[in-house]
Amino acid sequence: MNERSFHVLEYNKIIDHLTDLCVSEMGRELARKLVPSDNYEEVQKRQDETAEAEGFLSRTGGTPVMYFADVRTTLRLAEIGSTLSPKMLLSIAGVLRAAKAAKEPLVHSKNDVNDIPRLYASASNLSTLREIEQAISDAIMSEEEIADKASPELYSIRRKIRACNERVREKLNSMIHSASFQKYLQDPIVTMRSDRYVLPVKQEYRQMVPGIVHDQSTTGATVFVEPLAVVEIGNELKQLVAAEKAEIERILKALSAQIAPEVGTIEANLNILAFLDFTFAKALLAHEMHAQAPMMNREGKIRILRGRHPLIDPLKVVPLDINLGDTFTTLVITGPNTGGKTVSLKTVGLFCVMAQAGLQVSADYGTTLPVFDEIFADIGDEQSIEQSLSTFSGHMRNIVNILENVTPDSLVLFDELGAGTDPTEGAALAQSILSNLLKMRTRTLATTHYSELKEYAMTTPGAENASVEFDVATLAPTYHLLIGIPGKSNAFEISRKLGLPEYIIENAKELLSKDQIRFEDVLANAESYRQQAERERELAESARVEMMTLRNQVEQERKKLEDQRERLTAKAKEDAKRIVENARRESEALIEELRRQRKAGGGMQEHEVQRVRQAMDNLRSQGEEKEETPTETLKTVEVGDMVHVISMDMDATVTSLPDAKGYVNLKAGMMRMRAQLQDLRSLTSSEKKSKKEKSKYEAKQSGSTNRVNIAKRAIRQELDVRGLAADEAIPEVQKFLDDAVISSLGEVCIIHGVGTGILRARIQDYLKRHPAVVSFRAGRYGEGEAGVTIVTLR
């Protein structure tokens, strides 16, 4: 893609930040090479990889990739049979440890493969080579130290070296602590010269200490002598040190030989780890920017929701909403300087470049971006002293290059198109350039101050105006981008606020043509109405939120009262049951007392006692029957079930299953109604039997009477649902249509008002599915026009 566009859109700064988030040099190498792709499948693959890594980070809280060194040069040495140094071997062991650390959470932990299919596939190909890593870790303690247990031979040699060192030190210590010997020494210490143990002897006593001189001081006053008594031990020690070095060399060579056959495997590990490091760096970048994965498309449609430029302070950036490529392909942005026009251009361009590179963008969910074959940007000052180019010439040279290479699948960004020359000619050139790109259907965004381009965007199909909002009262831009509204320069208002004399401003206005003044007045009025509408929309939204809050509070209170009623009912039943049980026990005690009295020769006869018992049993059975009457509301019903409507205290028959909101259609005699499922309870068997017997009698008596009553009923031919929410209006419309069908009305009217059109759309969508509706239409002149719907019934 166009390298110059990357520079002016500041894509390099995004890459620099991405590079800093990588933990390895190979990961940073991939980050520095990241460029956008113009292939849709490749872009989608990159976005999927980033999304998988971002999801993994969100679930686990960290990246599975640890630091590893770039050991590709080391592997080349191992491949040709070289002996690797301890540092090289430790670096290879670090790569193997990093492979194990990445593979464990991505492959072996309890992750759903469907959540990270691409990362799972890559991590599955990592080879841990556990034996090699363990062998290196056991043998090498640091870059400078080999472990004693690297081999039995090395352990034995070092044990002998320690023993020799101890013998030498003992011998020399006995010499320096001898009173007769100390007078020969410069200092009573043991030191080392040429890897041999020596004593610092005074020059004048050199002959008194037989041995080998290995060094002398700078002044010559001291000679360093290895006494003959320890020369033999020193020779033995030197042989042991040579043996140690040879054994270490052998160990390193053996470890290097283990690595040579696995060079290809370790190199594959390196590439996979670099890819994972780079991919998780993209996810970390998305987390830092609070970014989302954009939905990619092939249709050239740009839809950015609350986009925030990633290089602007998150506390100061103003979100941007913009769309392009659907109903229009050219967007002309106008407004005052420093109002945010250029930032809008750069945000769109940078988002497209980032998305095609596989990076997520700092916008809300639902943002949609296309895949362009090229992104051109003519932004910034193009003048060059060295090339003798003015600002206009520099811009035009770049524009010529753009027009030579642009295609219908490109994105073109112009900042101050046509500026830097005569305004009349510049506006004409700008209009011609935009017309050419519009004819190609190339997605184009251009900023300008020319009124001619505002008029062009207003009158040309496929082009649209946009403006950055400016608050004249505070002389400050708000940075909000408004699609569909051309911007006003506000030069006169700003000058007046800054203190320019009024007569100068009035003289300037007189120099404008009447058409120019009228056009600016139209823009001012449009902006005023827009701001008023925005304020009213905010008030309406605030009222809606308040209404929903109150509605929720009322619903919570209703549930609380319902729960309280159920608790009180349950308590009353429990109290009643306890009273009946107490009465039963007392009656039993009384009966027993009567029996004792009868046996004693007085009181009631046996048949009278049995009659009292029977009366008590009947009383108890009635109480139990009432107690068993179901009071819990129904969870489900079937068509034809007989139920009791609690709120209306009446019985009815179910004629339809519950809808999505829990409403059930019911029939009680000739009356049809709707009730919620929680307002119904089932009838007891005795209630059902009584209901059937009653209905047989009433069916004979009510036929003619009901027909007379229906005829006498006051029939409504219109329904007014203005002011209701759509969810509240639909049940009212349903009940109204049911009544109209029962009353054999052929045509009815539903009054819903004009408003935003949402209520009308929901009602008409419901009418399309109503079985009794033949057709419907908007009202004609005199009927209410768009504010009503006329419905024809079967």
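Predicted model: local features only at pLDDT ≥ 70, side-chain atom pairs only at ≥ 80, totals over all residues.
I started with the largest cavity, where helix 14 (residues 391–405) gives the largest share of the lining, four residues. Helices here are DSSP runs (H or I, at least four residues), numbered from the N terminus. Residues are numbered from 1 along each chain as its sequence is written, and side-chain values use heavy atoms, with hydrogens and water left out.

**Entry 1: cavities**

Rolling a probe the size of a water molecule over the atoms shows where empty space is left. On a 1 Å grid over the protein atoms alone, a cavity is a set of points where a 1.4 Å probe fits but cannot get out, while a pocket is an open set with protein on both sides within 12 Å along at least five of seven lines; lining residues have an atom within 4 Å of a point. Grid points are joined across faces, edges and corners, and a volume is the space filled by probe spheres set on the points.

I searched the whole structure and found four cavities of 30 Å³ or more. The largest cavity has a volume of about 60 Å³. Its lining includes Asp378, Phe392, His395, Met396 and Ile399. I sorted that lining by class into five nonpolar, two polar and three charged residues. For the classes, Ala, Val, Leu, Ile, Met, Phe, Trp, Tyr, Cys and Pro count as nonpolar, Asp, Glu, Lys and Arg as charged, and the others, Gly among them, as polar.

Next came the second largest cavity, at about 40 Å³. Leu21, Val23, Thr63, Val65, Asp277, Phe280, Ala281 and Leu284 line it. Those are six nonpolar, one polar and one charged residues.

**Entry 2: a pocket**

I then looked up the second largest pocket, with a volume of about 590 Å³. Its lining has 21 residues, and Arg544, Leu724, Ala725, Thr756 and Ile758 lie nearest its centre. Helix 19 gives the largest share, six residues. By class I noted nine nonpolar, six polar and six charged residues.

Two packed helices are described by the angle between their axes and the distance between the axes. Axes are lines fitted to C-alpha atoms, for helices over the stretch in contact, and angles run from 0 to 180 degrees between N-to-C directions.

The axes of helix 8 (residues 130–139) and helix 11 (residues 228–259) come within 10 Å and cross at roughly 165 degrees. Helix 8 and helix 11 are therefore roughly antiparallel; angles under 35 degrees count as roughly parallel, over 145 as roughly antiparallel, 65 to 115 as roughly perpendicular and the rest as oblique. Ile132, Ala135, Ile136 and Ala139 of helix 8 meet Ile251, Leu255, Gln258 and Ile259 of helix 11. Contact means heavy atoms within 4.5 Å. I counted seven nonpolar, one polar and no charged residues there.

For helix 2 (residues 11–20) and helix 12 (residues 263–289), the axes come within 9 Å and cross at roughly 115 degrees. That makes helix 2 roughly perpendicular to helix 12. Ile14, His17 and Leu18 of helix 2 make the contact with Phe278, Ala281, Lys282, Leu285 and Glu288 of helix 12.

How values were computed: Helix = DSSP H or I, 4+ residues; strand = E, 2+ residues; numbered from the N terminus.
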